[in-house]
Amino acid sequence: MFKILVVDDDKNTRLLLETVISKDGYTVKTAEDGIKALEMLEKEHIDLVVLDIMMPNMDGYEFTKTVREADNDLPILMVSAKQLPQDKKKGFIVGTDDYITKPIDEEETLLRIKALLRRAKIASDRKIEIGEIVIDLDSLTVSGHGQVIELPQKEFLLLYKLLSYPGKIFTRIQLMDEIWGNDTDTGWETVTVHIARLRKKFEGWNEFEIESVRGLGYKAVKKI
């Protein structure tokens, strides 16, 4: 459900990290340098970045500095062969959230990713609670008002994504990529259809609302 961007100029390292991280249930995107990574952030919603330091065009330090200067608190995990204390110190000074050295320990890397997602207040227990309403990722259900509503997978993931980031605007293209994937033949209009179905199913539920943002997309608003 969560989307992680792996940034490394070494193809084999990108492939290794992509394999390790995706096996743990995350969606993984890749970029070969900081410039490509910034372009990715412009196009897609990313939950966390796993970032090499030594890269051409824009290195990991400069990427992190650029992201932080834009007041973006996106979790960043630096993964580098640079092991000297001054290298790690520089990473934290420019704004990384954590730093591990190569060669990576796969289990440790995943544990650090999970810790960063928790710190970012992303629901680590795979549930979202709004008052007495519980949105449960494992069962694809929304419980409340004496009901347990089991949603089709795409509808549930759409609702879960929006409610994971209340107030954040997502474009239809971002939601299509997140929920249906890049390779789908389905048009973005299907997002509108799924939003309409969700609104109908939860009509009268005052705890949350899905709002349209004209010319942009949708956002979820928590009412309590």
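I started with Glu155, which sits in helix α6, residues 153–164. The model is predicted, and I read it as such. Is Glu155 buried or exposed? I find a relative accessible area of 3% for Glu155. The cut-off for buried is under 20%, so Glu155 counts as buried. Next I looked up its contacts, leaving aside neighbours within four places in sequence. Glu155 is in contact with His194, Arg197, Leu198 and Lys201.

The largest nonpolar core has 48 residues. Which residues have the most contacts inside it? I noted Ile21, Val50, Ile113, Ile135, Val142, Leu159 and Phe202. Helix α6 gives the most to this core, with 7 residues. I then checked Leu159, not counting residues up to four places away in sequence. Leu159 touches Val142, Leu151, Leu198, Phe202, Phe208 and Ile210. Another core, of 19 residues, lies apart from the largest one. I logged Leu51, Ile53, Met58 and Val94 among its members.

Last, the helix pair. Helix α1 (residues 11–23) packs against helix α5 (residues 106–119) at an angle of about 65°. Their axes are 10 Å apart. I recorded the crossing of α1 and α5 as right-handed. From α1, the contact uses Leu16, Val20 and Ile21. From α5, Glu106, Leu110 and Ile113 take part. By class I get 5 nonpolar, no polar and 1 charged residues in the contact of α1 with α5. Ile21 and Ile113 sit in this contact, and both are on the list of residues with the most contacts inside the largest core.

Terms used
Residues are numbered from 1 along each chain as its sequence is written. This is a predicted model: local features need pLDDT of at least 70, side-chain atom pairs count only at pLDDT 80 or more; totals for chains, interfaces and linings use all residues. Side-chain values use heavy atoms; hydrogens and water are left out. Helices (H or I, at least four residues) and strands (E, at least two) are DSSP runs, numbered from the N terminus. Buried means under 20% relative accessible area, exposed over 50%, partly exposed in between (1.4 Å probe, protein chains only). Contact means heavy atoms within 4.5 Å. Axes are lines fitted to C-alpha atoms, for helices over the stretch in contact, and angles run from 0 to 180 degrees between N-to-C directions. A crossing is left-handed if the near helix is turned anticlockwise from the far one by less than a right angle, and right-handed if clockwise. Ala, Val, Leu, Ile, Met, Phe, Trp, Tyr, Cys and Pro count as nonpolar, Asp, Glu, Lys and Arg as charged, and the others, Gly among them, as polar. A nonpolar core is a set of buried Ala, Val, Leu, Ile, Met, Phe, Trp, Tyr and Cys residues joined through side-chain atoms within 4.5 Å.
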